[in-house]
Amino acid sequence: MTSALSTYLDRLTTELSAAACTEIDDAAPQDAVLLDRGIIGSAEVAGEIPELSRLSGAREDHVGVALCGIDGEILGAGNGREHAFPVQSISKAFAYGAAIDLHGMEHVDSVVDEEPTGEEFNALSLDPHTKKPKNPLVNIGAIRTHAMLGAEQSERTQRLRAVLDAAAGHPLELHRETFEEELGTADRNLALAYMLRAAGSMEEDAAEVVGGYVEGCAVLTTVTDLAVMAATLASGGTNPLTGERVFSRVAARQVLSVMMTCGMYDNAGDWVSDVGLPAKSGVGGGIIAALPSRFGVASYAPQLDLHGNSVRGTLFFERFSADFALHLLDGVPPRDLHERAEELIRERHVVHGDDR
């Protein structure tokens, strides 16, 4: 039997798949996509699928969303739900949690800060006084975080892959083609790693650390995998499907805290205002978010905006958060998803006069 929540997700993903970029003027429809979130068109609106994403089969029409409750219930919708795509920068959040559980919060905080930057994801974001990366969710911070995962490259890579697998609830595959392509064009990340060494902030071999970091980004996930991974964080670090403790509560809380303020790159301020959930994006088109103690949610749509965040994914979360009163700063309890979905279906039935 199809639930109201499933129907809601089906309808919303159908709406998102039809979204198009248009000039915003008095005649524009209310649901028009703003120019800085262009989906189809020119480089001016930055809405094309990155060529790197096409290596794993990304298509213009891919849209997928999934929810995973901390009780293990999973719901999903969209034609991109089953498509596997590289996790990309979403892996940074899980590497950060792994570093905290390996070394303790105090040590990790002494190496990588937790402050928003307002800068692009690949900026040279080092504090001029402490020489620490500003936060672990921009590239330079993620590179430094990855270096903390072990003494040798193999140990670091194995630990990160194990954490990603445990959070998803099953072994995840490496997309070799994406890995090799990114590693062959990793000049800027290598430069950031060498800057860490030059600043005295990292002793490990720069090329080896970047190689492991890039491998973690090239791991394949579906939007359902990402929802389970987000639910693992929402539950305080325990995978709701397997019951395995992936992170300590301290690590899970800290990861969500930094996701809230830094997870959406230089669009983090707008995200907190409009969505109000801790989240992390990746240039593969994925976004994860979590409502602590309730559920994890993820979206996949490969077109990116000027900030490197998924266009349709951002639209999904804005609508979803508003429809279900999920903003953590709203001052009202979040609605039960199933009950609220039934209300929304009834309301729109009355408005449209049909069963759309």
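First, the ground rules. This is a predicted model, where local features need pLDDT of at least 70, side-chain atom pairs count only at pLDDT 80 or more, and totals for chains, interfaces and linings use all residues. Residues are numbered from 1 along each chain as its sequence is written, and side-chain values use heavy atoms, with hydrogens and water left out.

**Aromatic pairs**

- Rings of Phe, Tyr and Trp (its six-membered ring) count as a pair if their centres lie within 6.5 Å; planes under 30 degrees apart are stacked, over 60 edge-to-face, and the rest tilted. By that rule there are 9 aromatic pairs.
- One of them is Phe316 with Phe320, a stacked pair at 5.3 Å centre to centre, with 15° between the planes.
- Where do Phe316 and Phe320 sit relative to each other in the helix? They are 4 residues apart in α13 (residues 311-324), so about one helical turn separates them. Helices here are DSSP runs (H or I, at least four residues), strands likewise (E, at least two), and both are numbered from the N terminus.
- Phe316 is buried at 1% relative accessible area, and Phe320 is buried at 0%. Buried means under 20% relative accessible area, exposed means over 50%, and partly exposed is in between (1.4 Å probe, protein chains only).
- Phe320 also pairs with Phe324, this time tilted: 5.0 Å centre to centre and 50° between the planes. These two again lie in α13, 4 residues apart, about one turn of the helix, and both are buried.
- The spacing has a simple background: an α-helix has 3.6 residues a turn, so residues three or four places apart point the same way.
- Ring pairs also tie Tyr8, Trp271, Phe295, Phe316, Phe317, Phe320 and Phe324 into a cluster.

- Arg312 is another residue of α13.
- A salt bridge needs a side-chain nitrogen of Lys or Arg within 4 Å of a carboxyl oxygen of Asp or Glu.
- The Arg312 side chain does reach the backbone oxygen of Glu60, at 3.4 Å.

**Helix α6**

- Helix α6 (residues 153-168) has 16 residues, which should span 22 Å at 1.5 Å a residue; its end C-alpha atoms are 23 Å apart, in agreement. The expected span is 1.5 Å times one less than the number of residues.
- Its buried residues include Arg156, Leu160, Arg161 and Leu164.
- Among the elements covering the buried residues of α6 are α3 (90-103), α5 (139-147), α9 (206-217) and α10 (223-234). Contact here means heavy atoms within 4.5 Å.

**Ser299 in a strand**

- Ser299 belongs to strand β7 (residues 295-300) and is buried at 1% relative accessible area.
- Leaving out residues up to four places away in sequence, Ser299 touches residues including Gly64, Val65, Gly285, Gly286, Phe316 and Phe317. Phe316 and Phe317 also belong to the ring cluster.

**Salt bridges**

- In general, side chains of opposite charge can pair when their charged atoms come close. The count for this model is 11 salt bridges.
- Glu51 bridges to Arg54, with the closest N and O atoms 3.7 Å apart. Both are in helix α2 (residues 51-54), 3 residues apart, so about one helical turn lies between them. Glu51 is exposed at 60%, while Arg54 is partly exposed at 35%.
- In α6, Arg159 and Glu155 lie 4 residues apart, about one turn of the helix, and form a salt bridge at 3.5 Å between the closest N and O atoms. Arg159 is partly exposed at 26%, and Glu155 is partly exposed at 33%.
- Arg340 and Glu347 meet in a salt bridge at 3.4 Å, N to O. Arg340 is buried at 14%, whereas Glu347 is partly exposed at 40%.
- Arg340 and Glu347 are also part of a salt-bridge network with Arg335 and Glu343.

Conventions. A polar contact is a pair of N or O atoms within 3.5 Å; within protein, one must be able to donate a hydrogen and the other to accept it, and residues adjacent in sequence count only if both atoms are side-chain atoms.
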